[in-house]
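Colleague: Could you walk me through this model before I set anything up with it?

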Amino acid sequence: MTNSDISGAISRFFPIKSTDDLHDFVTKCVLKEEKDADIALLSIVLGIVEHSLTSDFEENKNVAGFQPEVDTKSSFPRFKECYDIPAVELDTVVALYNQFHTVVHSYVDMSQYEYVSSPSKRPRALIKAVSDCIWMRLMKSYQKDRAHLQSVYSFLTTWKLDSFGVAMCVVAAAQVLDLDDVHLALS
């Protein structure tokens, strides 16, 4: 999905105000058949939810720390009950999504790299440029082992990431550049 048509494609899901709304949005993004899930989009939305639930505990104490029961019988598990969460607005998501695309495209000039149809023949310099795009924007002095630094949202709002966040943002940046053969392996 290009950043120019993002709001039209996802607008029916917003605002996201409950766990059911969030489940519907994530299910649509993850289970779509035409392409891989848009990592940047998912990470921004989930990062906003995580930030809103963990940063203002007093304001959100009715939802922070809840212990929901999960219905595991469906193919994509959902909460047995619907819980309210702080609203995620479309304008915020689109602005951050467009900002991420701008950051990536402003740093990595794809015209410098010869197009190679075979992923195994892509120049290493291209993958390094994608990685540098993320590394160069990170704040140089911060505690990297802090919680909640693993999303595109935290990257764009604080310029801080933990090691998993760097890996995930590099894969999201590669996806922005249509390098769909770059994947994140977890072990």
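Colleague: Which helices do the buried residues of α7 pack against?

Modeller: The buried residues of α7 pack against α3, α4, α5 and α6, where buried means under 20% relative accessible area, exposed over 50% and partly exposed in between, with a 1.4 Å probe and protein chains only. Helices are DSSP runs of H or I with at least four residues, strands are runs of E with at least two, and both are numbered from the N terminus. Before we go on, this is a predicted model, in which local features need pLDDT of at least 70 and side-chain atom pairs count only at pLDDT 80 or more, while totals for chains, interfaces and linings use all residues. Residues are numbered from 1 along each chain as its sequence is written, and side-chain values use heavy atoms, with hydrogens and water left out.

Colleague: How many residues of α7 are buried?

Modeller: Eleven of the 14 residues of α7 are buried, so that helix is mostly covered; among them are Gly165, Val166, Met168 and Cys169.

Colleague: And what angle do α3 and α7 make?

Modeller: The axes of α3 (residues 39–55) and α7 (residues 163–176) cross at roughly 135 degrees and come within 8 Å, the axes being lines fitted to C-alpha atoms over the stretch in contact, with angles from 0 to 180 degrees between N-to-C directions. The two helices are therefore oblique to each other, given that under 35 degrees counts as roughly parallel, over 145 as roughly antiparallel, 65 to 115 as roughly perpendicular and the rest as oblique.

Colleague: Which residues make that contact?

Modeller: On the α3 side they are Ile39, Ala40 and Ser43, and on the α7 side Met168, Val171, Ala172 and Gln175, with contact meaning heavy atoms within 4.5 Å.

Colleague: What about the length of α7?

Modeller: The end C-alpha atoms of α7 are 20 Å apart, which agrees with the 20 Å that its 14 residues should span at 1.5 Å a residue; the expected span is 1.5 Å times one less than the number of residues. Helix α4 (residues 90–107) has 18 residues and reaches 26 Å from first to last C-alpha, close to the 26 Å expected, and its buried residues include Leu90, Tyr97, Phe100 and His101.

Colleague: Is Cys133 buried or exposed?

Modeller: Cys133 counts as buried at 0% relative accessibility, and Cys169 is buried with a relative accessible area of 0%.

Colleague: Where is Met139, then?

Modeller: Met139 lies in the loop between α5 (124–135) and α6 (152–158), and with a relative accessible area of 39% Met139 is partly exposed. Not counting residues up to four places away in sequence, Met139 touches Thr158, Trp159 and Lys160; the C-alpha atoms of Met139 and Trp159 are 5.6 Å apart, although the two are 20 residues apart in sequence.

Colleague: Last one: what does Leu22 touch?

Modeller: Leu22, in helix α2 (residues 19–30), is in contact with Ile16, Val45, Leu46, Val49 and Ile85, leaving aside neighbours within four places in sequence. Leu22 counts as buried at 16% relative accessibility.
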